[in-house]
Amino acid sequence: MSQSAYIKLVEGSAQSTITLREVRELLLAYKDQTERTGRQLNWNYADAAFPYTIESKEGSEDQWFYLKGTHPGYKYIIFGVGKENREDGQTDYIQIVLPDQATHGDKAKGNEFCKHIGRKLQAEVHLFNGRVMYFNPRK
């Protein structure tokens with residue numbers, strides 16, 4: 001059965017809305033950051049830190065995209081965006097889905113990507129195991 005994690009842009013987050021293009025840019029920035037780290041270490045760190053290619057199906061480019069694994073331990077992670085109605089108004093969120101074919105490596109990388117994006121956006125992150133991490137400044 002597939003599992004989902006959420007990154008919610010709540011009050012105090014760095015931004016209040018998110019698009020799929022921005023999520024893709026955040027992942028590409030993460031990949032670039034690991035490539036630069038790898039160059040400093042003289043090691044192909046980016047290949048280990050981001051073992052995926054970013055792909056999308058024709059006609060669904062504005063709804064979701066997926067990461068396709070490039071190594072045997074990784075298969076797929078799906079990313080999408082949406083809006084949630086809450087007591088304090090509408091909240092944008094990023095949904096990360098592990099399909100049935102996903103591996104333990106995908107789950108670990110999915111949690112890693114959630115934490116990274118959550119830090120960048122100062123968001124509320126709901127991980128695959130049900131734990132919640134708050135990167136937003138709270139009172």
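Helices (H or I, at least four residues) and strands (E, at least two) are DSSP runs, numbered from the N terminus. The model shown here is predicted, so local features need pLDDT of at least 70 and side-chain atom pairs count only at pLDDT 80 or more, while totals for chains, interfaces and linings use all residues. Residues are numbered from 1 along each chain as its sequence is written, and side-chain values use heavy atoms, leaving out hydrogens and water.

**View 1. Asn42 sits in the loop between α1 and α2 (45–49).** Check the backbone here: phi of Asn42 is near 55 degrees, a positive value in a residue other than glycine. Most residues other than glycine have a negative phi. Asn42 is also exposed, with a relative accessible area of 74%. (Exposed means over 50% relative accessible area, buried means under 20%, and partly exposed is in between, using a 1.4 Å probe and protein chains only.)

**View 2. Here is helix α3, residues 104–121.** Its 18 residues reach 26 Å from the first C-alpha to the last, close to the 26 Å expected at 1.5 Å a residue.

**View 3. Just after α3 comes Gln122, with a positive phi of about 50 degrees.** Gln122 belongs to the loop between α3 and β6 (124–126). Is this residue buried or partly exposed? Gln122 is partly exposed, with a relative accessible area of 32%.

**View 4. The largest nonpolar core has 27 residues.** (A nonpolar core is a set of buried Ala, Val, Leu, Ile, Met, Phe, Trp, Tyr and Cys residues joined through side-chain atoms within 4.5 Å.) Those with the most contacts inside this core are Leu67, Phe79, Ile94, Ile96 and Phe113. At least two core residues each come from β1 (3–8), α1 (20–41), β3 (64–69), β4 (76–86), β5 (89–98) and α3. The top contributor is α1, with five residues. Zoom in on Ile96 and, leaving aside neighbours within four places in sequence, you'll find it in contact with residues including Ile7, Phe79, Cys114 and Phe128. (Contact means heavy atoms within 4.5 Å.)

**View 5. Tyr30 and Phe113 form an edge-to-face aromatic pair.** Their rings are 5.5 Å centre to centre, with 80 degrees between the planes. (Rings of Phe, Tyr and Trp, taking its six-membered ring, pair if their centres lie within 6.5 Å; planes under 30 degrees apart count as stacked, over 60 as edge-to-face and the rest as tilted.) This pair links distant parts of the chain, since Tyr30 is in helix α1 and Phe113 in helix α3, 83 residues apart. Both Tyr30 and Phe113 are buried. Ring pairs also join these two with Phe50, Tyr52 and Tyr74 into a cluster.

**View 6. Two rings have a charged neighbour: Tyr6 has Lys8, and Phe65 has Arg24.** The charged end of Lys8 sits over the Tyr6 ring, 5.9 Å from its centre. Arg24 lies over the face of Phe65, at 4.7 Å from the ring centre. (A charge sits over a ring if NZ of Lys or CZ of Arg is within 6 Å of the ring centre and within 35 degrees of the ring normal.)

Key
Expected span 1.5 Å × (residues − 1).
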